[in-house]
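Reader: I am new to protein structures, and I would like to learn how to read one. Could you take me through this example step by step?

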Amino acid sequence: MLLGAHMSVSGGLHKAFERGKTVGCQTIQIFTKNASQWKAKPLAGADIAAWQKAVTAHDGITPVITHDSYLINLASPVEESWEKSLGAFKEEIERNRLLGIPYLVTHAGAHMSSGEEAGLTRIARAVNRVHNEIVEETGNPPGTMILFETTAGQGSSLGYKFEHWGRLLEQLDHPEWAGICFDTCHVFASGYDMRTAETYDATMSEFDRYIGLQNLRAFHINDSKQGLGSRVDRHEAIGKGQLGIEPFRFLVNDARFASTPMVLETPKGTDDTEDLLNLATLRGLLKGAEA
Ligand SMILES: [Zn+2]
Ligand SMILES: [Zn+2]
């Protein structure tokens with residue numbers, strides 16, 4: 001299994017590797033800029049050099065995943081905020097390209113009462129435009145894959161049903177440059193059960209039916225504070241929430257996901273001790289781990 005956690009980039013992007021190594025990550029997720037601000041300082045040559053040095057020094061931590069800004073709403077029906085989101089999203093892809101990072105996770109958008117179909121079409125238009133612009137400008141593919149995250153369905157967020165991202169992928173000019181990030185807390189909160197072997201299998205079959213398991217490129221592994229179908233997005237430590245320990249046992253022992261990165265986004269303090277504990281819990285669930 002490829003297990004890891006979201007890591008702070010305080011003090012420089014490259015610092016995330018050292019933090020990840022300390023708690024035993026085999027993969028990490030980071031923000032490449034402040035996730036609650038629009039603006040970001042462009043990456044300097046020195047930032048990129050420090051990053052590349054850290055990549056080489058920590059070759060046991062791969063792949064790296066980034067998560068885009070929370071402000072971006074590619075589904076917005078309001079032209080001005082849609083354009084602003086599109087610009088910021090393109091910048092996120094550009095930063096990944098400069099750093100050589102293969103995945104960018106996005107919540108993508110909320111339709112804001114314009115309706116789900118309209119929202120999905122807006123996202124598809126935004127992604128197609130960004131992709132086509134990058135190809136025109138650089139003569140190359142974007143070099144990073146967009147991963148649409150499954151959501152809890154809070155507010156008018158899209159992606160709380162597998163059908164949403166399935167229909168979105170169908171509208172992309174370059175579906176090969178996109179995939180899905182499966183967040184266990186969100187999927188459960190949006191109404192898909194995983195607490196028994198039967199419901200776990202049924203949920204994965206449902207994902208396969210509407211999206212295709214080959215498009216599942218990463219997991220966010222979080223327990224949920226709130227119950228099945230609550231549509232509330234509150235993460236909890238592994239085994240300490242409404243999901244409990246069993247879904248994680250099914251997941252880490254599912255051979256179909258043996259090389260799919262799985263990162264924690266569970267609550268923690270400043271020293272990452274909780275990540276260490278949650279990763280130990282997950283590794284303890286692996287078949288044969290007790291032997
Ligand atoms: Zn997540
Ligand atoms: Zn969440």
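This is a predicted model: local features need pLDDT of at least 70, side-chain atom pairs count only at pLDDT 80 or more; totals for chains, interfaces and linings use all residues.

Reader: How many helices and strands are in the chain?

Author: Helices (H or I, at least four residues) and strands (E, at least two) are DSSP runs, numbered from the N terminus. Here the chain has nine helices and ten strands.

Reader: What does the radius of gyration say about the chain?

Author: Taken over C-alpha atoms, it can be set against a globule rule of 2.2 Å times the number of residues to the power 0.38. For 291 residues, a compact globule would come out near 19 Å, and the chain's 18 Å agrees with that. Along the principal axes, its C-alpha atoms fill a box of roughly 55 × 45 × 30 Å.

Reader: What share of the residues is buried?

Author: Buried means under 20% relative accessible area, exposed over 50%, and partly exposed in between (1.4 Å probe, protein chains only). By that rule, 51% of the 291 residues are buried.

Reader: Which residues touch the most other members of the largest nonpolar core?

Author: A nonpolar core is a set of buried Ala, Val, Leu, Ile, Met, Phe, Trp, Tyr and Cys residues joined through side-chain atoms within 4.5 Å. The largest has 69 residues, and I123, F148 and W165 touch the most other members. Helix α4 gives the largest share of this core, seven residues. Another core lies apart from it, with eight residues, including Y103, V105, M145 and C181.

Reader: What does W165 touch?

Author: Leaving out residues up to four places away in sequence, its partners include H107, L120, I123, F148 and I211.

Reader: Is R122 buried or exposed?

Author: R122 counts as buried because its relative accessibility is 12%. This residue lies in helix α4, residues 116-138. Beyond its neighbours within four places in sequence, R122 is in contact with L74, A75, S76, P77, V78, E79 and W82.

Reader: How far apart are T260 and T27 in sequence and in space?

Author: They are 233 residues apart in sequence and 9.9 Å apart in space, C-alpha to C-alpha. T260 lies in the loop between α8 (246-252) and β10 (261-264), and at 8% relative accessibility it counts as buried.

Reader: Where is the peptide bond that is cis?

Author: Most residues other than glycine have a negative phi, and most peptide bonds are trans. The bond from T62 to P63 is cis, with omega near 5°. P63 sits in the loop between α2 (45-57) and β3 (64-67).

Reader: What is the phi of R231?

Author: R231 is not a glycine, yet its phi is positive, near 60°. R231 is in the loop between β8 (223-224) and β9 (235-236), and its 33% relative accessibility makes it partly exposed. D272, also not a glycine, has a positive phi of about 65°; at 9% relative accessibility, D272 counts as buried.

Notes. Residues are numbered from 1 along each chain as its sequence is written. Chains are lettered from A and ligands numbered from 1 in the order in which they are written. Side-chain values use heavy atoms; hydrogens and water are left out. Contact means heavy atoms within 4.5 Å.
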